Every structure is written in C-alpha cells, then in structure tokens.
Amino acid sequence: MNKQATIAFLALLVVADHAAAAAVTDQKTWSQSFPVTAAVPRLLIDNIWGNVRVRVGSAREIAVTIDEKRSAPSQELFELSKQTIFLDVQANADGVAMVVGKPEDTTVRPRINRCRGCRVDYQFEVTVPPGTQIDVSTVTDGGIDVAGGGGPVSASNVNGPVAVKDLQECSEIESVNGAVEVSFARAPSRDCSIKTINGDITLTVPGGTGLDAALSVMQGDIVSEFDLEPLALPAKIDQHKEEGRFVYHIEQAAGIRLGTGGPTFSIESLNGDLRIRKSK
Amino acid sequence: MSTARTFIPRVAIALTAVLGAAVAFGQARNATAATPAQPQAETITIPLSRPGDPLAMHIDIISAHIEVIGEERKDVALSVTLSSGRRKIITPSGPKLLAGGGSGLEINERDNYVSIESDTPPTNRITIVARVPRRASLDLSTINEGEIIVRDIVGDLQLENVNGPITASNITGSVIAESVNNLIAVGLAGVAAGGATSLSSLNGDITLTLPASAKAELHLDTSRGEIVSDFELDVKPSKPRIERSESRGGVSVRMEDVIVATVNGGGPVVRVKTLNGTIKIAKGGG
C-alpha cells in the first residue's frame, strides 16, 4: 500500500469511527388503554418504520403497547428528530388514531427529509374490541399482522408483508413489496380489493363461500382449492382529459366465480402466485 | 376521527396501472383446459378534436388483431376485445382457461392524432376494430398472433407485422408494409405520385393489386420465389447492384438483383421484395 493510499484509508477509518461514535439512539416502551363506547369503534395506525400487530381484546377499550426506538447520526439531529418524527395519538369514545407525524400535517415527509439519517421505529401491539373497524399501515421494515378483528379491515404496507386473518369483511388489503395473506372466518358479504406488486397472494375462505373475483395476476401461478368457474367480466373503461388530450383507459380482468357468486373481490399482483384456499 | 394518512402507499395503486409490462409465464402445461368464458367486445367512440379533418392513427401492440376501416364519419368508433391468451387457473378438476386478466389498453386523442398502446403481457391477445374517417394516415404495428387488415383509406400507411399477415385493400396513398414471416396483400386504388410504396417480407408471398390503368415502375426482388403478373410488364435492362463497404478492417459486399419493370408506361416507383416467397402483381378494377 503506498503512502497516499494509507493516508486515505486511515482518514476513512477516522471518519467511520467518528460517525459510529456520533450515532445516538434511544429506546422506550409504554402501554396505554383508551376506553371506547362506540358500537363500532375505529382504530387507525399510520406507521413508517416497524410492525403493526392487532388482536381482539376487551369489549370496551383499545389497549396499546408501543416500542419506540429513535436513532440519529448525531446528537443535534437526534434532537431535531423529536420535532420532525413523532407519534401523534388522538383518542375519544369513537376510537384511537395513531399517526407518525401530526395527522393534519401533510408535510411530514419534507420534515423527515430535513432530518437526514434519522428514523424512529414504532412496534405497535394493539388489542381492540370485537367488531372494531381497523385501518392500519406501515411503510418499511415491518409487517402488518391483524387477526380476529371482526370488523372491516383495511391494511397496507410498502416494503413488507400483510397478514389479515379471521376476517369477516375487508375493504383494501395491499402491499407493494411483500406477500399478502387474507383469510376469512366466514363467507364475506362485501367487496374487497387485494393487491401487491412483488409477492404472493393467499386468499382463504370457508367452503361453500360464494364469491366473484376480478383477477389481474401477471406473472406466477393461479391455483385454487375450489373447483371454481371462469367468468367473463365487462372491461372497465375510464375516460378523462389530461394535459389537453383525451385519454381512454380500458382494463380487462379475468373473472372467476366461487360457488354461486357473491361480493366481488379485485385481486392484483405483478410478480407472485395467487392461491385461493379453503379454510381447514 | 378524520385523519390525513400521509404515508399510505398509494404507490401500490399507481403501479398497478403499469402492471401489464410483464410477461405471464409459469402456467400449467401439458394439460387440457375447459373452453374459457369469452370476454365481450367493448365499444368506444372517440370524438376528434377537428371533426372532418384527416386523422392520424398509431397502434403499437405486441399481440393484436388490428383492423382499420375507412368510412364517411367524423369520429373513431372502436370495438376492443381484451383476452387472456393461455392464462389458466389450476383447480381440483384441472386447469381452466381464464378470460381476460391483466389486459389493458390506453387510447389517447390530441389534435386528430389517436394513439392506441398497451403494456399487456404478450400472451394476452387484443382485438381492435377501428372505424375511422376515410382520410387518414395509419401507423400500425404488431408482432405476434395477429393480423393487420386495412381497407378503404385515403392516406399513407405504415404497416408492420412480424409474424402475421398484412392485408390492405382499396387504398389511395403510399403503403409501406413489412412482415417477416407472413404474407402481404395490398390493393391500391391509385399509385401515389409523391409517396414511396414499399412491400417487403422475408418468408411470405406478396400480392400487389393495381388498377388496370395504373402507371408504375416496379422494382421486384425475390431471391427464392417466382414473379407472376396479370400486367404486361415492360422489363428494363438492369444489372445487379453491388455495394461495397469497408469497415472495421474488413470488406463486405452486398448484391441485389432487382427486376425493374414498368406498367402502362411507368410512373411512381413501387418496391416489392421477399426472400422466400412469390411476388404477384394482380390487376384490379379501374
């Protein structure tokens, strides 16, 4: 190693060592219970980094345990992160909303960008009353895991899996880079949308379920444990004006019918298999 | 409890619009499948920005049957069928063919220019029947499992079909038609004076139909096929054209043996070329 290279290497070591020494982290866990009285309480969680796990618990409260891990490259940025990345909790008799960043503040991403290298992982463990309407999301380094809610569920992730089990109804379940598992405790009666770009989709429903589905599954196998029938669906036609031109968009999904049909599920994936399973 | 959801991954929704950029592979093979439920044709009428003025249309789809018919009209009427090709679902009673599935089409209109494109997987087949104003220039292209058919157009055509046939009839204007592995049949109502008509295929027969009174100078080239004509051709003396180029330290020589023949005394040049096929010059009415 010549002299210049040696100096450069040592300088790199010093910088790396300084950066490692300057990193600041803090971790804390807290729990809280929120009484709710609504007939159909609502739970909203909008996370960025970390898991969201929801289970059914007591009838009159939403109980939350949150593990928070804050990290920043320096003490200065660590202090800044407290103003830019935080958990906003709003609770009343109707339900609980927990959003990383103030719910009404749409500038949370620019604020986070100002605090470069900062992040706050929130791991949510929540129990809700039976029948709660659940709407949960995260963005990265975490999964969505909801079971036994009893009420309608919406769940989304960007870089991670989504698993929603023991459902009675769903509305939108989606990921971008992650597998999506949706299983029903009973035959659904409402329309639902299930999507991912990169990942398998597994839909599990009880035997005897009546269901129509519009499939847009590009790559991967489509396998069903039900002896269902292909169904011709009308194409969806959207027309609008955009930058001075008229745009018409036509989409043709593949239809399938389970049993005698029922609510319509929209199922979309790009890279992944679709499995339709019968509850055991 | 209305709450703005800043980080909801709407990206997922946006990206689904481009899902069709992929190819559907990995389907069950060597299995029989039931007859699929057939997708229905959808009809769309596209109003033009300048009704009554000539239309320009561009269609570029990997697997498509494209049919364009000129009519006395001031809009574009489209009949579109999107099918899933060989996409199957595996069920306990065996694989079943699906109808549709991931097929999408986007149509744009601006200033009488209509473009139709699709990012649908090549295994999905799209059928388009477009009824357009007669005065139109068309640029139509497909690759697989399709056919290009054009009729009753006054305007210039550019037609490309790699593995399927091209048929154009009652055309007044110049036609550039290219296929690799299939036939080309073009019927001209008149030979365009200023345009360049050129029909070429690698492995297909080419039929050019001209009005009985048409005046043209034909440049005919078939390496391994016959030339058949309903017209009395006045064959001009010609000699092989040899192009020599020196590049990258080597020398390449390209030889073309084109028969030049005039019809009814000669006129605009029409080039017809195939490697493995017959060239037929047919006489139409007029």
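**Reading strands and cores**

Tutor: This model is predicted. Start in chain B, where strand E17 (residues 206–211) and strand E25 (residues 279–284) run parallel and share 6 bridges.

Student: Which residue stands opposite Thr207(B) in E25(B)?

Tutor: Lys280(B) does.

Student: What is the order of the strands in the open sheet of chain B?

Tutor: Read E1-E4-E9-E3-E11-E13-E15-E17-E25-E19, 10 strands with mixed pairing. Strand E1 (42–47) and strand E19 (227–229) of chain B are the edges, each pairing on one side only. On average, neighbouring strands here are turned by 15 degrees against each other, direction ignored.

Student: How do side chains sit on a strand?

Tutor: In a regular strand they alternate between the two faces of the sheet. Now take chain A. Strand E14 (residues 192–195) runs parallel to strand E12 (residues 169–174), joined by 3 bridges. Glu172(A) stands opposite Ser193(A) there. E14(A) also pairs in the parallel sense with strand E22 (residues 264–271) of chain A, over 4 bridges. In that pairing, Ile194(A) faces Ile267(A).

Student: Where do nonpolar side chains tend to be in soluble globular proteins?

Tutor: They tend to be buried together. In this model the largest nonpolar core has 74 residues, and Ile194(A) is one of those touching the most other members, along with Leu43(A), Val164(A) and Leu215(A). Strand E16 (residues 211–219) of chain A gives this core its largest share, 6 residues. A second, separate core has 57 residues, including Ile66(B) and Leu138(B).

Student: What does Leu43(A) touch, not counting residues up to four places away in sequence?

Tutor: Its contacts include Val54(A), Ile62(A), Val96(A) and Ile134(A). Gly95(A), Thr132(A) and Asp135(A) are also among them.

How values were computed. Residues are numbered from 1 along each chain as its sequence is written. Chains are lettered from A and ligands numbered from 1 in the order in which they are written. This is a predicted model: local features need pLDDT of at least 70, side-chain atom pairs count only at pLDDT 80 or more; totals for chains, interfaces and linings use all residues. Two strands pair if DSSP finds at least two bridges between them. Helices (H or I, at least four residues) and strands (E, at least two) are DSSP runs, numbered from the N terminus. A nonpolar core is a set of buried Ala, Val, Leu, Ile, Met, Phe, Trp, Tyr and Cys residues joined through C-beta atoms within 7 Å. A residue is buried if 20 or more other C-beta atoms lie within 10 Å of its own, exposed if 12 or fewer, and partly exposed in between; C-beta atoms are placed from the backbone. Two residues are in contact if their C-beta atoms, placed from the backbone, lie within 7 Å. Axes are lines fitted to C-alpha atoms, for helices over the stretch in contact, and angles run from 0 to 180 degrees between N-to-C directions.
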